[in-house]
Amino acid sequence: MATVVLKPGRDKALRRRHPWVFSGAVARVQGRPGPGETVTVVDARGRFLAQAAYSPQSQIRARVWTFRDDAVIGPAWFRERLQQALALRQAVLPPADTGQRLVFAEADGLPGLIVDRYADTVVVQFLSAGAEFWRAAIVQALRDLIPVRHLYERSEGEARALEGLPPRRGPLADTPPPPRAVTIHEAGLTFTVDVYHGHKTGFYLDQRPNRALVRAWARDRHVLDVFAYTGGFSVHALAGGAAEVWAVDASAAALERAATHIAANGLPQARFHAQVGNAFEVLRAWVQQQRAFDLIVLDPPKFASRAAQVPKAARGYKDINRLAFLLLRPGGLLFTFSCSGALPRDLFQKIVADAALDAGRTAHIVADLSQGPDHPIPLAYPEARYLKGLLVRVQE
Ligand code: SAH
């Protein structure tokens, strides 16, 4: 096995069980590891630190599989890690919810591997050289441990490109292609998921607890769901007795699906209004028209995927939050989110505060919001916490 030797003093993160070795921390590599091959990581004095997957093209040069030197990285090891990930979901999620993130990469000790289950379909993403290297073993472990009919790969996106891997998609392990619309249940409600073209692997599983919270606060309120996608929040708001819901999204197809979700759940379609358009422009126009709402959800796409994009992203977040504050009635509630991992939570709160200030509103934080428990946050790997949100109440 090849060995990655760290520079003096660069072993601190690994000793705290953080799973990344940055290229700048590497003194030298002994041997010629190929992409994804398992390497031993040692400190400057040659003491064992971890076994990791080597990523020659990435700034993150190695991703830790284990901090044990007696572990054997191979099929049995992947099976065990997967079992641990499944056990966590069983402990923290309602079993009747059939959309679940089963593996959340580094957060489950499986760097670069995403596994989402939608009822009888499992969608897999191999996003790092290490996950790619072990794909056969991982697919076998998934087959053995998760009894579903369809196993489908959607290895795409920026993360994979940074590892120097081309995109790839298609059925795995000779399973039949998944249906065009996969039906899942969440909190007793029904949704359909397009695992071929939907965002991420098809559904925003991470917002589960926040959708439940919107449902709990929605009764008799006039709701605005901005960046609504397929209506996750809209459906929950109507299920919670909202007076009406306006959903705004740039994607007509997403909003059409949202409308089918309202109907499929037997919710009053007359109370649901979809507006296709750029959220910034739509909200600006509605401010002009002096429209007003009692509850607004702002769940924008990732504005910043790395630190360099944060200043520009901050302006976008501030602008959209300012418009939302201007549209809220006194006593109104704002559920505002950022899924940009590069944007720190404190900075997000400052941006929301600045937005309220500019809008001339006084507001209080009612609750601090985060991702659902199937997107776990290891104490040793706080970067796993990418979704942050605030429930804010505007003063009368
Ligand atoms: N709230 C959704 C997820 C939102 S994802 C849920 O819980 O399921 C972000 C959404 O923002 C996507 O549907 C995308 O189509 C939309 N979007 C991106 N940029 C936009 C813009 N400028 N105006 C309106 N919608 C936009």
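Q: What covers the buried residues of helix α4 in this predicted model?
A: The cover includes α2 (75–92), β8 (113–118), β9 (121–126), α3 (129–133), β10 (150–155) and β11. The buried residues themselves are Arg135, Ala137, Ile138, Val139, Ala141, Leu142 and Leu145, within a helix that runs over residues 135–145. Contact here means heavy atoms within 4.5 Å.

Q: How do you know that the buried residues of α11 sit on one side of the helix?
A: Start with who they are: Phe348, Ile351, Val352, Ala355, Ala356 and Ala359. They cover an arc of only 135° around the axis, so they end up on the same side of α11.

Q: How does the length of α11 compare with what is expected?
A: With 15 residues (345–359), the helix reaches 21 Å from its first C-alpha to its last, close to the 21 Å expected at 1.5 Å a residue. Just after α11 comes glycine 360, with a positive phi of about 70°.

Q: What makes the phi of aspartate 174 worth a look, and is the residue buried or exposed?
A: Its phi is positive, about 60°, although aspartate 174 is not a glycine. Most residues other than glycine have a negative phi. Aspartate 174 is found in the loop between β11 (168–171) and β12. Exposed means over 50% relative accessible area, and aspartate 174 has 81%, so it counts as exposed.

Q: Why is phenylalanine 227 called buried?
A: The cut-off for buried is under 20%; phenylalanine 227 comes in at 16% relative accessibility, so buried it is. Phenylalanine 227 lies in the loop between β14 (222–226) and α7 (232–239), and its phi is near 60°, a positive value in a residue other than glycine.

Q: Which residues come nearest to the ligand?
A: Of the 15 residues around the ligand, Phe227, Asp249, Ala250, Ala279 and Asp299 come nearest.

Q: Why is threonine 183 called partly exposed?
A: Its relative accessible area is 37%, which falls between the 20% and 50% cut-offs. Threonine 183 is in strand β12 (residues 182–186) and, beyond residues up to four places away in sequence, touches Ala119, Thr190, Phe191 and Thr192.

Q: How do you know that arginine 208 is buried?
A: Its relative accessible area is 8%, and buried means under 20%. Arginine 208 belongs to helix α6 (residues 208–217). Leaving aside neighbours within four places in sequence, arginine 208 is in contact with Leu93, Asp97, Gly99, Gln100, Glu186 and Asp374.

Notes:
Residues numbered from 1 in each chain as written. Predicted model: local features only at pLDDT ≥ 70, side-chain atom pairs only at ≥ 80, totals over all residues. Heavy atoms only, no water. Helix = DSSP H or I, 4+ residues; strand = E, 2+ residues; numbered from the N terminus. Expected span 1.5 Å × (residues − 1). Buried < 20%, exposed > 50% of the residue type's maximum accessible area, 1.4 Å probe, protein only. Arc of directions from axis to C-beta. Near = heavy atom within 4 Å.
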